[in-house]
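Try each task before reading its solution.

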Amino acid sequence: MASRLERIEQQRQQKLERIRASGINPYPNRYHRGHTAQQAVTLLKQQEDTGQTGALVVNIAGRIMAVRSMGKIAFLDVRDGSGKIQLSIHKDRLNESNLKLFGDLDIGDIIGAGGTMFRTRSGEPTVDVESFTLLAKSLQPLPEKWHGLSDVELRYRQRYLDLISNTEVKRIFQVRSQVISAIREFLDRRGFLEVETPVLQPSAGGALARPFITHHNALDQDFYLRIALELHLKRLIIGGFDKVYEIGRVFRNEGISVRHNPEFTMLESYEAYADYHDVMNMLEEMVSKVCQQVLEMQEVPFGDGTISFKTPWARLGLREAVMEHSSIDFVQYPKAPSLRAKMRELGMEVDPAKNWAHLVDELVSTFVQPKLIQPTILYDYPVSMSPLAKTRPDNDRVVERFEAFAGGLEIANAFTELNDPDEQRERFVQQMVEREGENEEAWTIDEDFLLAMQYGMPPTGGLGVGIDRLVMALTGQQSIREVILFPQLKEKP
């Protein structure tokens, strides 16, 4: 016995065949839409506000989302990219061909319609349809009207259905796009130059992460998908561009979680003759202005409360923050075994393969980060956690680095960039030693980058912002998959 879904599919296929048999193309090449739904509604309001009279003729197109038949009149809700509009169709005005076509329409079909705008007795802006055209027949039923698409995994696998069914999801991705545009506008106004750098790179560098590896057949050479934008952008600073930035995809061959996706979007910017204090100030100003510009407010809902992106943000030293929230002063435990033992005293399950820097990072992510709901900057990190940052002049065990958090998420990472080529080589070598110890997240040495540094890189402030996590904080989302249109998922068996 056929399932309900199979019966619906059969019925829609039969309707498609009837439409074709009547000589109508159910998938025409083009349709010249005159107005979006929002434009049509706005024109009606303008006519009403100015007291104009006369027929307001519009021509719209969109997907049928609901049908309500009331005897000889049917009301259809049609949605396009701008919103929803109601259509009224008088069946007794239709000729025999159009009446049959109307009977074969389904929710999910895409139609074009022309007619006159008016308001119903309930005040609903409506198109009194004089003609309509089928633009695409839907052979699959949409999710149930009152429930939408609620299966989380299905929402991610079939994002097109998610966007059709859940208008709030569409809004998240509109905000994402606007956030990126506003960031570009902010940086452009400050004199930054947007650039593009290679995705395929001969060395994996710029961050402590496991890379994806691919092979170039013509060159017969392995390449890495970039794990960061950093090293090529610094080459441009060396080359004489004083302010550069890039917004692009980076790839890390690591785990998947509500905060991690193997490919994600990063903003990285570099400014010559700036340090991490300058970058702190710029980040605060940028996020605050972007929030106001896109959302028209600086306090946004998050969970049961709100996040205020107003400046200034809280600033805490990393060592002090870890001591406050975990009672551990990691400086007193300078080797991995002693720090690991202290963490176990707190009941933590500690991976014996993690080095000292990773253990400190685990203290931050376990005890500190979840409490940083309001925008907060943690600064001054141990040198072993930051192979590309300059040490503080008064403390060679600490680098001029900060991370920014909001909503319990790390949204930014920044340095006063290391520009001593000899020290940079020493740091790279140390990372290679860790790689030999089977740390798969350690660096490969980028010799061309080291050569570039020998020509001289000015003092530079660098910034990296995770666009996905920033959008999560701005839209109150708890999973990164809610802000990536097509997140990575394990294939179904």
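**Exercise 1.** Find how far apart the closest N and O atoms of Glu345 and Lys342 are, and work out how the two residues sit in helix 10.

*Solution.* Keep in mind that this is a predicted model. Start with the side chains: Glu345 and Lys342 form a salt bridge, with 3.3 Å between the closest N and O atoms. Next, look at the helix: both residues lie in helix 10 (residues 336–345), and because they are three residues apart, about one helical turn separates them. Finally, check the surface: Glu345 has a relative accessible area of 60%, over the 50% cut-off, so Glu345 counts as exposed.

**Exercise 2.** Decide whether Asp106 and Lys15, which meet in a salt bridge, are buried or exposed.

*Solution.* The N to O distance in this salt bridge is 2.7 Å. The pair links distant parts of the chain, 91 residues apart: Asp106 belongs to the loop between helix 3 (96–103) and strand 4 (110–119), and Lys15 to helix 1 (residues 4–21). Now compare with the cut-off: buried means under 20%. Asp106, at 12%, is buried, and Lys15, at 15%, is buried too.

Technical notes. Residues are numbered from 1 along each chain as its sequence is written. This is a predicted model: local features need pLDDT of at least 70, side-chain atom pairs count only at pLDDT 80 or more; totals for chains, interfaces and linings use all residues. Side-chain values use heavy atoms; hydrogens and water are left out. A salt bridge is a side-chain nitrogen of Lys or Arg within 4 Å of a carboxyl oxygen of Asp or Glu. Helices (H or I, at least four residues) and strands (E, at least two) are DSSP runs, numbered from the N terminus. Buried means under 20% relative accessible area, exposed over 50%, partly exposed in between (1.4 Å probe, protein chains only).
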